Amino acid sequence: SSFFIIIRKIMVQAKTWTLVKHFDGFPKDSDFKLKVEELPALKNGEMLLEAVFLSVDPYMRPYSRVQMKEGDVMIGTQVAKVLQSKNPAFPVGSHVVSGGGWRTHTVSDGADLTLIMPNWPKDVPRSLALGTIGMPGLTALFGIEEVLGLQKGETLLVNAAAGAVGTVVGQIAKIKGCKVVGSAGSDAKVAYLKELGFDEAFNYKTVGSLDEALKKASPEGYDCFFENVGGPFWTAATQQMKLLGRIAVCGGIATYNDTTTKTCPYPHPVIISKQLKVEGFIPARWQHKHPESLKRLMGWVKEGKLKYREHVTKGFDNMPAAFMGLLQGENIGKAVIAV
């Protein structure tokens, strides 16, 4: 019996990454600390989860400041397997998406969990529940349908186009019969966008002028702009919008690590004269549409209309490195950690 006690003790140890101090400028190794914590025995209604894949996302950089105290476990989502369960809704062996943060094991009461569709196809990686068939995919879909109301034959611009959200944005716009222009930060990324069927793509780091590159890609301007970056790109892109253009503001990765707030030319004259619609959004607004929307995304993946690429880092111990790499644009597609 002592053997079982030892096993049980090992079972309920979790490794966690905590935030030592709030990021000042770009995150560094010393901002994170790896800790081990003992997990309590399960109460009725609870289950023990083991992380299989963990996500790193750009939002973690700005949200860490508003949602976390120093010493907290880093925020984030993961795909986890149910190891033990005292909750009939989550049987042992089932997989869930959990908001448990950067940790290997979690005791959960099910409140922050979503069961992964039980008929998840064998040939589709479960990690996609953190990417194309997860929050980033939903972000792309809602930005296009709910915010922009993208119509067949329109021209869409998307920046950070080779990232987890941008790759899906461009492909959904193609499914809807639109012209798609994407911008990314390396020639390899631009080549990948062309592979995905983007009509035009350019490397914003090597073009002489953003204005010229945007004009050349679509001389007649843009009906819709899916904004992930902010900074000088925002200024250049708003100038190229068509009359009554629509802008979905999803992210501002160019500014997340700034220590002082950057200013850009006041956008009011162009927003007024072109009568632009500018709307910020987060996908939680359409929570009621998540299940049906995830099914649609899965359908497109199965039909081959929605391709994906993942940037996989092996090992829980490498999470901070994967996060910093993401913020430096090392990834093509979704950045995930495989435990």
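Leu214 is buried, because its relative accessible area is 0%; buried means under 20%, exposed over 50%, and partly exposed in between, with a 1.4 Å probe and protein chains only. This is a predicted model, where local features need pLDDT of at least 70, side-chain atom pairs count only at pLDDT 80 or more, and totals for chains, interfaces and linings use all residues. Residues are numbered from 1 along each chain as its sequence is written, and side-chain values use heavy atoms, leaving out hydrogens and water.

Leu214 lies in helix H6 (residues 210-217). Helices (H or I, at least four residues) and strands (E, at least two) are DSSP runs, numbered from the N terminus. What does Leu214 touch, not counting residues up to four places away in sequence? Its partners are Leu157, Phe202, Tyr222, Phe233, Ala236, Ala237 and Gln240; contact means heavy atoms within 4.5 Å.

Pro125 sits elsewhere: its C-alpha is 35 Å from that of Leu214, and the two are 89 residues apart in sequence. Pro125 is in contact with Trp120. Beyond neighbours within four places in sequence, Trp120 also contacts Arg126, Leu128, Ala129, Ile133 and Met298.

Now the packing. A nonpolar core is a set of buried Ala, Val, Leu, Ile, Met, Phe, Trp, Tyr and Cys residues joined through side-chain atoms within 4.5 Å. The largest one has 50 residues, and Trp120, Ile133, Leu156, Val169, Ile172, Phe226 and Leu297 touch the most other members. Elements that each supply at least two residues include helix H3 (135-148), strand E8 (155-158) and helix H9 (290-303). H3 gives the largest share, seven residues. Domain 1 (13-116 + 309-338) and domain 2 (135-284) each contribute at least three; the bounds come from an automatic or database domain assignment. A second, separate core has 21 residues, among them Trp17, Ala51, Met68 and Ile337.

Finally, the rings. How many aromatic pairs does the structure hold? There are 10. Rings of Phe, Tyr and Trp (its six-membered ring) pair if their centres lie within 6.5 Å; planes under 30 degrees apart are stacked, over 60 edge-to-face, the rest tilted. Tyr59 and Tyr63 are edge-to-face, because their planes meet at 75 degrees, with centres 5.6 Å apart. Tyr59 is partly exposed at 24% relative accessible area, and Tyr63 is partly exposed at 31%. Phe23, Phe32, Trp102 and Phe323 form one aromatic cluster.

The charged end of Arg309 sits over the ring of Tyr192, 4.1 Å from its centre; the criterion is NZ of Lys or CZ of Arg within 6 Å of the ring centre and within 35 degrees of the ring normal.
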